[in-house]
Amino acid sequence: MRALLSFDQAPPLAAPLRFFLTAPLFSALAGLLLLLAGPQVLVSRWTPGALALTHLITAGFMLQVMLGALIQILPVVAGANLKHPLLVASLVHGTITPGALLLCAAFLLSDRLTFEVAALLLAAGVGVFLLAAGCALYAVPTTSPTSRGLRLALPGLAISVALGVLLAGARAGSLPLPQATPLHVAWGLIGWGVVLLAVVALVVVPMFQMTPPYPESFARFFPLALLGMLAVWSLAESLSGGALATALSAFPVGGVAVFAALTLDLQQRSQRARMDATQHYWRWAMICALAASALVLAANVVPTIGERREWPLICGTLVLFGGFVAVMTGMLYKIVPFLIWLNLQNLGQGRILAPTMNRVITAKSVNQQTIAHFAALALLLAASVSPEWLARPAGLAVLVASGWLMLTLLRATGFHRQHVRRIQALVANSAA
Amino acid sequence: MHPITDLMAGDHRACDGLFAAVERAVARGDWHCATNDFRRFAEAMARHFAAEEDALFPLFEQRTGIYRGPTQVMRGEHGQMRQLLAAAESALAAQDAEDYAGHAETLLIMMQQHNIKEEHILYPMCDDRLGDETGSLLPELQRRTGGGQKDLR
């Protein structure tokens with residue numbers, strides 16, 4: 001119980017912030033790549049450019065935000081304190097950042113050594129995180145569906161990264177190419193991404209958007225049921241593939257659709273006076289998840305749909321940029337100003353009131369960036385259908401939306417530095 | 001059976017409902033209604049803090065022997081929320097919707113991350129450690145918080 005009793009040990013601001021500031025760099029690079037390389041990237045999902053683009057978002061943007069947020073929230077939602085959070089953050093950030101950059105360079109250059117170094121760095125960074133988070137989570141009793149769910153999400157990350165390392169090894173020519181791509185994608189996006197998102201949603205949607213809670217049976221069983229369905233499909237996919245695996249894939253995909261539909265229904269019943277940008281991001285992310293699920297299920301029933309060139313590009317865009325990047329961007333707009341406010345408030349020692357969150361990041365800036373994000377999403381979807389005309393404009397739009405997010409977050413850290421000096425001076429004066 | 005968690009989390013949701021009522025009144029520009037709703041919200045918050053600081057926390061500290069742990073942190077966060085409540089009240093008195101929204105949003109995030117810690121960690125521990133005290137503790141908490149029954153209109 002002692003371990004559980006020290007949830008005051010919130011990690012220092014610098015621990016999660018480095019991940020949040022680095023994330024938009026990756027989505028901006030994705031935009032830049034599409035802008036420079038143009039239509040050839042979108043010829044198929046297997047072009048070096050499309051693979052680099054995908055991993056700039058998944059191993060870059062998403063992994064940065066997810067690991068940074070977990071370092072921050074593990075003590076809050078599960079009472080699980082990482083030992084030496086700043087050291088863990090430095091090691092993880094210091095390895096996954098060059099790892100993801102090198103992975104994308106490796107796809108573009110098809111270079112053996114670059115694949116090997118990238119895989120090594122990503123595996124090391126994620127390994128350190130899994131070890132630290134696993135130790136923290138297993139040191140405390142599970143007191144809620146959230147802490148149970150967080151424990152369940154970690155193996156999904158381990159499986160996806162392990163399969164990724166095998167695939168990188170195969171690309172480097174040092175391992176035989178395994179038929180592991182569908183498993184790598186499914187465990188990364190559903191086994192890790194959706195499970196983690198759902199576990200976080202169980203807490204943040206009702207509490208911050210003031211909706212009714214998710215049904216108790218959903219909160220209790222959804223992560224486990226989703227992982228179970230994924231495991232059964234994985235077994236069928238590895239052993240036989242074919243029609244059985246295709247039929248079984250409908251279950252985890254249907255599970256994702258249920259989560260998205262349930263979240264949209266809860267949002268409809270929010271008590272809040274009006275929706276802010278974060279809620280819009282959540283709503284559109286859930287709509288994109290529903291659309292992507294429908295597309296996958298449609299391709300299961302009518303295989304010719306899935307054989308179309310644009311099908312995987314549209315699905316990928318909906319899931320990654322419309323779903324995960326959107327919901328994470330929306331949450332960054334709450335997490336970053338709150339952490340900065342809390343840091344300044346603690347610095348003022350209760351004598352000086354810190355400037356409120358809406359001064360750290362203004363609603364105007366957030367609303368404009370939100371419009372830029374969804375304009376970029378619309379262009380990306382259109383570019384999947386007509387890459388010749390729209391690939392470069394879509395790349396530019398992603399670059400603008402991501403650059404805007406990066407600038408907004410950097411301004412927030414500038415605001416923080418400025419007020420640290422002001423509050424320190426005021427505290428020193430009041431003590432004198 | 002989690003009677004302490006259920007009762008205190010229910011009171012959190014009742015306070016949330018009052019917070020949302022103020023927000024809706026401010027959005028409509030009905031300052032009179034907003035001021036009345038805010039008074040009810042602030043009173044409900046004060047009663048909740050007092051129930052914890054004067055009844056629940058001392059019993060938890062006595063039973064576990066941990067005085068400088070989570071209860072100390074929760075008391076500190078109550079202090080921060082009291083400051084935000086006072087600042088929001090001033091903004092409301094000045095009928096400054098933007099200033100009110102700034103304080104209210106910060107208060108909401110502060111309040112909910114505080115509630116998460118209590119509902120997911122501290123209250124379940126109270127249920128675990130104070131189970132034999134619930135006969136007297138529950139009516140006491142109910143009396144102090146108003147039993148989770150707030151006028152939500």
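Predicted model: local features only at pLDDT ≥ 70, side-chain atom pairs only at ≥ 80, totals over all residues.

Colleague: Is Glu53(B) buried or exposed, then?

Modeller: Its relative accessible area is 16%, so Glu53(B) counts as buried. The side chain of Glu53(B) forms a salt bridge with that of Arg82(B), at 3.2 Å from N to O. This pair links distant parts of the chain, 29 residues apart: Glu53(B) lies in helix H2 and Arg82(B) in helix H3 of chain B. Arg82(B) is partly exposed, at 37%.

Colleague: How many salt bridges are there over all chains?

Modeller: A search of the whole structure finds 20. One joins Glu23(B) and Arg272(A), at 2.4 Å. This pair crosses between chains, from helix H1 of chain B to the loop between helices H8 and H9 of chain A.

Colleague: Which residues are linked with them in a network?

Modeller: The network of salt bridges consists of Arg272(A), Asp276(A), Lys334(A), Glu23(B) and Glu105(B).

Colleague: A change of topic: where does H4(B) bend?

Modeller: The bend is at Glu118(B), by about 40°. Helix H4 of chain B has 33 residues and reaches 44 Å from its first C-alpha to its last. Of those 33 residues, 27 are buried.

Colleague: And which residue caps the N-terminal end of H4(B)?

Modeller: That is Asp96(B), with a side-chain oxygen 3.3 Å from the backbone nitrogen of Glu98(B).

Definitions and conventions
Residues numbered from 1 in each chain as written. Chains lettered and ligands numbered in written order. Heavy atoms only, no water. Helix = DSSP H or I, 4+ residues; strand = E, 2+ residues; numbered from the N terminus. Expected span 1.5 Å × (residues − 1). Bend = angle between axes of the 7 residues up to and from the residue. Buried < 20%, exposed > 50% of the residue type's maximum accessible area, 1.4 Å probe, protein only. Polar contact = N/O pair within 3.5 Å; in protein donor to acceptor, adjacent residues only side chain to side chain. Salt bridge = Lys/Arg side-chain N within 4 Å of Asp/Glu carboxyl O.
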